[in-house]
Amino acid sequence: MKILSKSFNPSGWLVPGVSVMDRYIVSELFGPFLFGVGAFSSLGIAIGSVFYLVRRVTESGLPMAIATKVSLLQMPYYVFFALPMGMLLAALIAYSRLSSDSELIALRSCGVSIYRLLVPAIVMSLIVTAIAFTLNEFVVPAANYEARQTLDSALKEDRSDFEESNIIYPEFRDIKQPDGNKANVLTRLFYAEQFDGQEMKGLTILDRSQSGLNQIVTSEKAKWNPVENTWDFFNGTIYVVSPDSSYRSILRFDHHQLQLPRAPLDLAEKGREFQEMNLIQAQEELQLLRPSGNKRKIRKLVIRIHQKIALPFACVVFGLVGSALGIRPQRTNKATGFGISVLVIFAYYLLMSMGDALGLSGVMPPELAAWLPNVFGVGVGIWLLFRLNR
C-alpha cells in the first residue's frame with residue numbers, strides 16, 4: 001500500500017521528523033484546499049465586487065484601470081473568507097478519497113486511531129488560521145480603506161471623513177443612589193449643529209456631572225485646543241442652574257475654555273468603517289463609544305471585535321467538520337464536495353446571523369454571540385467523530 005511505503009516521501013526534506021502518513025495526508029489536502037480558496041474567492045469577488053464595478057463602468061464612466069485596481073484591492077477581503085471554506089472542501093474531499101479507497105481502513109487496522117488520522121488536517125487548519133488572522137489584521141483593513149478612497153475619488157463622491165451635522169455625544173456614569181445602589185445616568189450631553197472638520201458650530205452642552213442639572217453652555221462655535229487639552233468656546237453663554245432648577249447666574253463670554261473630554265471630536269471624526277479597522281483601531285473605537293451609553297452600538301462593536309478573532313478560527317472548525325464528514329465510507333468528488341461545503345458554510349453564516357441578533361438584543365452576551373457558530377461547529381464535529389469511532 002503506497003501510504004505506508006518507505007519510498008513515498010514527498011517533500012520530506014521540507015518537513016523533517018514528520019511521518020510519511022502525515023505528509024501523505026497533507027499532500028492530499030493541499031490540492032483541494034487551493035482549488036477551494038480559488039473557487040470561493042473568485043465567486044465572492046464576482047458577486048461582491050465585479051458586478052458592482054461593471055455597472056459603475058457602464059453607468060458612471062468609471063475608468064477600467066480604476067475598476068481593476070479597486071477589484072484587486074478588495075481581493076484580500078474575499079480571500080480571507082475563502083480560507084476557511086477552502087479548508088472545509090479540502091478536508092471533505094481528501095478524507096473522502098482516502099476512505100473510499102480503503103486506505104483509512106488499512107491504517108486503522110494497523111492501530112492508527114481515527115483521532116490520530118485527523119491530526120494533519122487540524123495542524124494544517126491551525127496554520128491556515130494564523131494566515132487568515134494575519135491577512136485580516138494587517139492586509140484587509142488597509143486594502144479596504146484604499147479601495148474605498150480610490151473609488152470615491154474616481155467617482156468624485158466627496159464623502160467627508162467626519163460627521164457634518166447633528167453631532168450628539170451623551171456621556172453616562174454610574175451614580176450612587178440614595179438607596180445605596182448604583183444607576184447608570186446621563187451626566188453630560190454634547191450637541192453641535194455642524195462640524196466642518198475643524199470647528200463645531202451651534203453648540204449646546206448640558207452638564208449634570210454634579211447633583212442635579214449643574215449648567216447649560218451654549219456657544220456659537222468651539223474648537224479643540226490640542227496644546228492645553230481643552231475646548232475653546234466662542235461667543236456663548238453659561239447658565240448656572242441651582243438644585244431647585246432656578247437660574248443661579250448667567251455668564252456671557254467671547255472666549256471661554258472648558259475642561260470637557262475630547263470624545264465628541266473623536267466621534268465626529270469617524271474615519272474608517274469597521275471593515276477598514278484592525279483590532280487596535282476597533283478597540284480604540286470601543287473605548288470612545290463606551291462612555292456614550294449606547295448599549296446597542298457597544299454590543300455590536302464588541303461582537304465585531306470578537307468576530308475578528310472567531311472568523312479565522314472557523315478554519316479549525318471547518319477542518320474538523322470536513323474531516324468528520326469525509327471519513328465516512330463514501331466517495332466525494334469535487335462537485336459533490338463543493339455542494340456539501342456550500343450547505344455547511346450556509347449553516348455557519350446562518351448561525352452567525354442568529355448570534356448577531358441574539359447579541360444585539362441582549363439575550364446573549366456579545367462575546368458568546370460572536371463565538372456561537374464556532375462553538376456549535378466544534379460540537380457537531382466532535383459528535384460526528386464520536387459516532388464514527390463507536
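How much of the chain over residues 339-362 is helix, and how far apart are the end C-alpha atoms? Over this stretch the chain is 92% helix and 0% strand, with the end C-alpha atoms 35 Å apart. Helices here are DSSP runs of H or I of at least four residues and strands are runs of E of at least two, both numbered from the N terminus. The model is predicted, so local features need pLDDT of at least 70 and side-chain atom pairs count only at pLDDT 80 or more, while totals for chains, interfaces and linings use all residues. Residues are numbered from 1 along each chain as its sequence is written, and side-chain values use heavy atoms, with hydrogens and water left out.

The UniProt record, in an unreviewed entry, lists residues 29-55, 75-96, 117-135, 309-327, 339-362 and 368-386 under "transmembrane region"; such annotations may be inferred rather than shown by experiment. Over residues 29-55, the chain is 100% helix and 0% strand, and the end C-alpha atoms lie 38 Å apart.

Turning to the strands, an open sheet of 6 strands runs in the order E1-E2-E3-E4-E5-E6 with antiparallel pairing. Two strands pair if DSSP finds at least two bridges between them. At the edges are strand E1 (165-176) and strand E6 (247-258), each pairing on one side only. Strand E2 (residues 182-195) joins strand E3 (residues 200-207) in the antiparallel sense over 7 bridges, and Phe-195 has Met-200 in E3 as its bridge partner.

Aromatic rings come next. The structure holds 9 aromatic pairs, where rings of Phe, Tyr and Trp (its six-membered ring) pair if their centres lie within 6.5 Å, and planes under 30 degrees apart count as stacked, over 60 as edge-to-face and the rest as tilted. The pair of Phe-190 and Trp-231 is tilted, because the ring centres are 5.5 Å apart and the planes stand at 45°. This pair links distant parts of the chain, with Phe-190 in strand E2 and Trp-231 in strand E5 (residues 230-241), 41 residues apart. Both Phe-190 and Trp-231 are buried (under 20% relative accessible area, with exposed over 50% and partly exposed in between, for a 1.4 Å probe and protein chains only).

Tyr-348 and Tyr-349 form an edge-to-face pair, 5.3 Å centre to centre with 80° between the planes. Tyr-348 is buried at a relative accessible area of 5%, whereas Tyr-349 is partly exposed at 21%. Ring pairs also link Tyr-77, Tyr-78, Phe-80 and Phe-81 into a cluster.
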